[in-house]
Amino acid sequence: MIEVKNLVKRYGSHVAVDHLSFRVEDGQIYGFLGANGAGKSTTMNIMTGYIGATEGEVLIDGHDILSEPEEAKKCIGYLPELPPLYMDMKVDEYLNFVSELKKIDKNKRSEYVKKSMEMTGLLPVSGRLIRNLSKGYRQRVGLAQAIMGMPKIIILDEPTVGLDPKQIIEIRDLIRSLAKNHTVILSSHILSEVSEVCDHIMIISHGKLAASDTPENLMKMMDTSHTLELLVKGSEEQIHEVVDGVDEITSVTIKPSDEENVMAVSLNMKEDTDVRERLFYGFADARCPILMMKSSKVSLEDVFMELTADDEKARKEREAAEKEEEDLSGEFMDASMKEDLPGEFADAAQEEDLSAEFTEDTKKEEQ
């Protein structure tokens, strides 16, 4: 359905997208994740034809987005992070206008407008001005224009921004229902939302594809061990006597807890091992009651942070370099301005500096 081949986008010397390639199949919900500045939004804008690529190609249902933009865009419905709304229009007027822009058959426009409003819950506010709607309802209007005409591919950039919890659940249900007949690409910073809704996740880092798989496989790939958290009543020595005899435990951390004589224990274990029963009987024999035991495995947030850790470091280094360059430029400009002042202006500037020094010295003497 969508093929991205060796995509490159440069802004001067900065490479936003670096030879990126992936394929999107029919009838699935894809999550598109990346840290700020990773090239995610740039890639989505190229895929939808908003901007051109420096190199590479994007094929939408076999149509090149650059050489066959009209045919390719007919297959796409796009909701940007900031919905393209006309505030002085009523909801139904705006959606009729969108149906005209998308060149939907005149005899089917009213049907598609009504259907898009029904799917997004906009019928009760169809006659209201968009400017008078809440942010959540404006987001729904943006979503309605994206699905207008029922395109094969629907690309959603932060679709639940500004919605209350009830509306978020409704939009999630809508996205799931869309996947029955459409391919959906969802970009969101809410990782729990992505893991709950998406069938497949692509993580982009430094403009390249860092990972592409199902949420379950991504977490399994990163989960070489799992952690067991305990609260145990006893001394550190007693706890070590129990846990040091368990070969499956790879590391142990023991710290005092907020409760008296109770230690917080963190155990890392090998993959596909379960030592809870052995620990239970071991601490029971040592007369050390277990007050709490909790098993935790790697989450999608952990996977994302692991794969994009270098992005955050690179961003901070880039910002520091830009600030240093700006400071040096400012110092150079100040020096150049004084050196380049002609004749009497240079003398005047020098006199002003001397006058300021004289005034400061006089104030000190008077004090």
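Let me begin with Arg140, whose charged end sits over the ring of Tyr137, 5.5 Å from its centre; the criterion is CZ of Arg or NZ of Lys within 6 Å of the ring centre and within 35 degrees of the ring normal. This is a predicted model, in which local features need pLDDT of at least 70, side-chain atom pairs count only at pLDDT 80 or more, and totals for chains, interfaces and linings use all residues. Residues are numbered from 1 along each chain as its sequence is written, and side-chain values use heavy atoms, leaving out hydrogens and water.

I turn to the aromatic pairs. Rings of Phe, Tyr and Trp (its six-membered ring) pair if their centres lie within 6.5 Å; planes under 30 degrees apart are stacked, over 60 edge-to-face, and the rest tilted. The count comes to five aromatic pairs. In one of them, the ring centres of Tyr50 and Tyr78 are 5.3 Å apart with planes at 75°, so the pair is edge-to-face. Tyr50 is exposed at 54% relative accessibility, whereas Tyr78 is buried at 9% (buried is under 20% relative accessible area, exposed over 50%, partly exposed in between, with a 1.4 Å probe and protein chains only).

Tyr86 and Phe97 are likewise edge-to-face, because their centres are 5.7 Å apart and their planes at 80°. Tyr86 is partly exposed, with 48% relative accessible area, and Phe97 is partly exposed too, with 25%. Together with Tyr94, Tyr86 and Phe97 form one aromatic cluster.

Finally, which residues does Glu158 contact, leaving aside its neighbours within four places in sequence? They are Glu81, Gln139, Ser187, Ser188 and His189, contact meaning heavy atoms within 4.5 Å.
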